[in-house]
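Subject: Structure for your review

Hello,

I am passing on the structure we discussed. Please look at it first; my notes on what was found in it come after.

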Amino acid sequence: MIELEGVPELVDPVMVAAFEGWNDAGDAASAAVGHLEAEWKGEVFAALDAEDYYDFQVNRPHVWLDGGVRKVTWPTTRLSVVRVDDAGGKGKPRDLVLVRGIEPSMRWRSFCNELLGFAHELGVEMVVVMGALLGDTPHTRPVPVTGMTSDPDLARTMNLEESRYEGPTGIVGILQEACTHAGVPAVSLWAAVPHYVSQPPNPKATLALLNRLEDLLGMRIPLGELAEDARAWQLGVDQLAAEDSEVAEYVQSLEEARDTAELPEASGEAIAKEFERYLQRRDGGPGTGPTAGTSDSVPSLRDAGSGTGPGRGRPAKPGAGPKDSPKDTAEDKASEDRSEKNDSGDAGASGGRGSESSEPSDDSDDSDET
């Protein structure tokens, strides 16, 4: 039995959760919950026992000094509560139970049951879990955010997508299903983060999640400097992309695809399908999932999120792949034709070089796929 001492009776409480790791591309979701906790000065009232759920060789504890005294911070999941005194600008208070932690390494069912035990004791009316995934979305356009639920009635009344996804999942999906089986209304909000600039932080995606949460709960969230941070992030990525013609052309192709798509098709269903395709591509090894690195077959701004922000570092040169520009492909083809012509005499004599020149290069294979 969970006993909560010192926690006042809550008003219309909603649990909002996010977990670092596989479900948190660009740290967008965990940063959103962290923002809520900071803006409303949330006080931690409970923490899950780290020994029960975490592999410390995967998520290592941190040692730090407090006034010369050595202390250890263990990786875990913490719960805090905040009161929103002016929800929706109508003067009606509402409480949020914030859950922020790291995706557990083991015993996921027990993990979810413990969180649901807290939700039951606190009288939580709904659980909202936020996540972020890598997708083929340009950084120059609004961040797509999809609201999903497994409850058909909730999907209809709150204008959400009904989840039809099948495949590998993370703690966000498991917690949502645990809520559904326990009879607790549950929603997940997913932000699509550009896969070519996946390094945290991504304040633009964090801002998009908070805006969607505002709409979902009908409340006003103070954004502080987050909007300015999002603009600075986009300008930084713009500068990095402009320094590499291949990246710039790739971003332009994403913009054209986004702009020509019909809005209903480019919303929740398309993102869900892209999420499924991404998981199928990336599944199969440790560190894969919505926060894993992108494939080298497409351009990537690998240093965009390093240091203090997206303005540091230079984009890594992309490897050859299906996104090679048409101009480069044409030049490569012309170069190959000239090489074959120059070598035609020797090819007839020896056969070796002629045979070798007839094999398609990796670049030409990739351009054919394009």
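The chain contains 13 helices and 10 strands. Please keep in mind that this is a predicted model. Of the 370 residues in the chain, 44% are buried. Taking the contacts between residues at least 6 apart in sequence, 77% join residues at least 24 apart.

Helix 5 spans residues 171-181, and its buried residues are Ile171, Val172, Leu175, Gln176, Ala178 and Cys179. These residues are on the same side of helix 5, because the arc they cover around the axis is only 160°.

Helix 3 against helix 5

Two packed helices are described by the angle between their axes and the distance between the axes. For helix 3 and helix 5, the axes come within 10 Å and cross at roughly 55°. Helix 3 is therefore oblique to helix 5, and the crossing is right-handed. The contact residues of these two helices divide into 10 nonpolar, no polar and no charged. On the side of helix 3 they are Trp108, Phe111, Cys112, Leu115 and Leu116. On the side of helix 5 they are Ile171, Ile174, Leu175, Ala178 and Cys179. Ile171, Leu175, Ala178 and Cys179 were also listed above among the buried residues of helix 5.

Is Ser30 buried or exposed? Its relative accessible area is 4%, so Ser30 counts as buried. Leaving aside neighbours within four places in sequence, Ser30 is in contact with Ala18, Glu20, Asp24 and Arg100.

The segment before strand 1

Leu4 is placed in the segment before strand 1. With a relative accessibility of 24%, Leu4 is partly exposed. Apart from its neighbours within four places in sequence, Leu4 is in contact with Phe45, Phe118, Glu121 and Leu122. The C-alpha atom of Leu4 is separated by 8.3 Å from that of Ala46, and the two residues are 42 residues apart along the chain.

Asp12 lies in the segment before strand 1 (14-20) as well. Asp12 is not a glycine, but its phi is positive, at about 45°. With a relative accessible area of 25%, Asp12 is partly exposed.

Other backbone points to check

Most residues other than glycine have a negative phi, and most peptide bonds are trans. Besides the phi of Asp12, two further places are listed here.

- Asn159 has a phi near 55°, a positive value in a residue other than glycine. Asn159 lies in the loop between helix 4 (152-157) and strand 9 (161-162), and at 67% relative accessibility it counts as exposed.
- The peptide bond from Pro200 to Pro201 is cis, with omega near 0°.

Regards

Methods: Residues numbered from 1 in each chain as written. Predicted model: local features only at pLDDT ≥ 70, side-chain atom pairs only at ≥ 80, totals over all residues. Heavy atoms only, no water. Helix = DSSP H or I, 4+ residues; strand = E, 2+ residues; numbered from the N terminus. Buried < 20%, exposed > 50% of the residue type's maximum accessible area, 1.4 Å probe, protein only. Arc of directions from axis to C-beta. Axes fitted to C-alpha atoms, helices over the stretch in contact; angles between N-to-C directions. Parallel < 35°, antiparallel > 145°, perpendicular 65-115°, else oblique. Left-handed = near helix turned anticlockwise from the far one by under 90°. Contact = heavy atoms within 4.5 Å. Nonpolar A, V, L, I, M, F, W, Y, C, P; charged D, E, K, R; others polar.
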